[in-house]
Amino acid sequence: MSVADKIIVPLDVPTEETAIALLDQLPDVTFWKVGLQLFVATGPLILKELKKRQKKIFLDLKFHDIPNTVAGACGSACEYGIDLMTLHATAGKTALKAATQAIAKSPSSPQLLAITLLTSLNSRDLAFDLKIPLELPEYALQMALLAKDSGINGAVCSPHEVAQLRQVCGKDFVLVCPGVRPSWAQTGDQRRVMTPKQALNAGADYLVIGRPITMADDPVMAWNRIIDELRS
Ligand SMILES: O=C(O)c1cc(=O)[nH]c(=O)n1[C@@H]1O[C@H](COP(=O)(O)O)[C@@H](O)[C@H]1O
């Protein structure tokens, strides 16, 4: 797999037109993510467009509900012929297993990823706001293990935890890292960040890099700069 194929670019934009403009502008991107903002706005239309262009699709709706609802949502999402999808590990073991079973029943089988701890949260948030009495790396690891034991294919974690998750969960567990920022980009609301090169070296299978590319004055130049830095 080339380095470019390991970068997933989120279409975090408000309308189908803006999304299509980005697809036209960045033909070298092979893997796109559709998240809550665009899916709520366009529904499956944007997924059809991506299929038409033979792109890989990460449908990131981060399901978090009771087992019956999560399983139903996963089953419905399979109809779109997507490659990756997300749910929260904190939905619990029964919901994670129900999701796995729903996917197994469907003719197309996307890989399911569990969110361990959002990359916008830091240790302080975990301890003081969420009242979780574990160190952050330990908490992320426990969420990944819960997902793995429930039959989930992989996890979303920050680059800070990816080396440990790789070591404990093994080479076949798919690890996807958002919270990735080139040294020249702003971090925005991300709290646990590393550069693309650091994140891949630490063991990530895929990186999710959004605003440093999509909100750049020149998205093509930003994309090329990231690829060059990764190849150098
Ligand atoms: O599931 C995700 O993709 C995700 C999980 C997470 O913990 N943090 C996180 O930022 N994301 C998503 O990754 C993308 C990051 O975008 P940028 O911060 O613009 O690079 C957004 O679409 C987020 O919804």
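## A salt bridge across the chain

At 42% relative accessibility, D189 counts as partly exposed, where partly exposed lies between buried (under 20% relative accessible area) and exposed (over 50%), using a 1.4 Å probe and protein chains only. The side chains of D189 and R211 meet in a salt bridge at 2.6 Å, N to O; the term salt bridge stands for a side-chain nitrogen of Lys or Arg within 4 Å of a carboxyl oxygen of Asp or Glu. This pair links distant parts of the chain, with D189 in the loop between β7 (174–177) and α9 (196–201), and R211 in helix α10 (residues 211–214), 22 residues apart. Helices here are DSSP runs of H or I with at least four residues, strands are runs of E with at least two, and both are numbered from the N terminus.

A word on the model before we go on: it is predicted, so local features need pLDDT of at least 70 and side-chain atom pairs count only at pLDDT 80 or more, while totals for chains, interfaces and linings use all residues. Residues are numbered from 1 along each chain as its sequence is written, and side-chain values use heavy atoms, with hydrogens and water left out.

The structure holds eleven salt bridges. One of them joins K52 and E49, at 3.4 Å from N to O. Both residues sit in helix α3 (residues 45–52), three residues apart, which is about one turn of the helix. K52 counts as exposed because its relative accessibility is 65%, whereas E49, at 11%, counts as buried. Through shared partners, salt bridges join D24, E49, K52 and R53 into one network.

D129 is partly exposed at 48% relative accessibility, and R124 is partly exposed at 46%.

## A buried lysine

K33 belongs to strand β2 (residues 31–35). With a relative accessibility of 9%, K33 counts as buried. Leaving aside residues up to four places away in sequence, K33 touches I8, V9, P10, L11, F58, D60 and V208, where contact means heavy atoms within 4.5 Å. For L11, 22 residues from K33 along the chain, the C-alpha atoms of the two are separated by 5.9 Å.

## Two helix pairs

Helix α4 (residues 67–78) and helix α5 (residues 93–105) have axes that come within 8 Å and cross at roughly 30 degrees. That makes α4 roughly parallel to α5. Axes are lines fitted to C-alpha atoms, for helices over the stretch in contact, and angles run from 0 to 180 degrees between N-to-C directions; under 35 degrees counts as roughly parallel, over 145 as roughly antiparallel, 65 to 115 as roughly perpendicular and the rest as oblique. In α4, P67, V70, A71, C74, G75 and C78 meet T94, A95, A98, A99, A102 and I103 of α5. By class, this contact has ten nonpolar, two polar and no charged residues, with Ala, Val, Leu, Ile, Met, Phe, Trp, Tyr, Cys and Pro taken as nonpolar, Asp, Glu, Lys and Arg as charged, and the others, Gly among them, as polar.

Helix α7 (residues 136–149) packs on helix α8 (residues 159–169) at about 40 degrees, with their axes 10 Å apart. That makes α7 oblique to α8. The contact involves L136, P137, A140, L141, A144, L145 and K148 of α7 and E161, Q164, L165, V168 and C169 of α8. Those residues divide into nine nonpolar, one polar and two charged.
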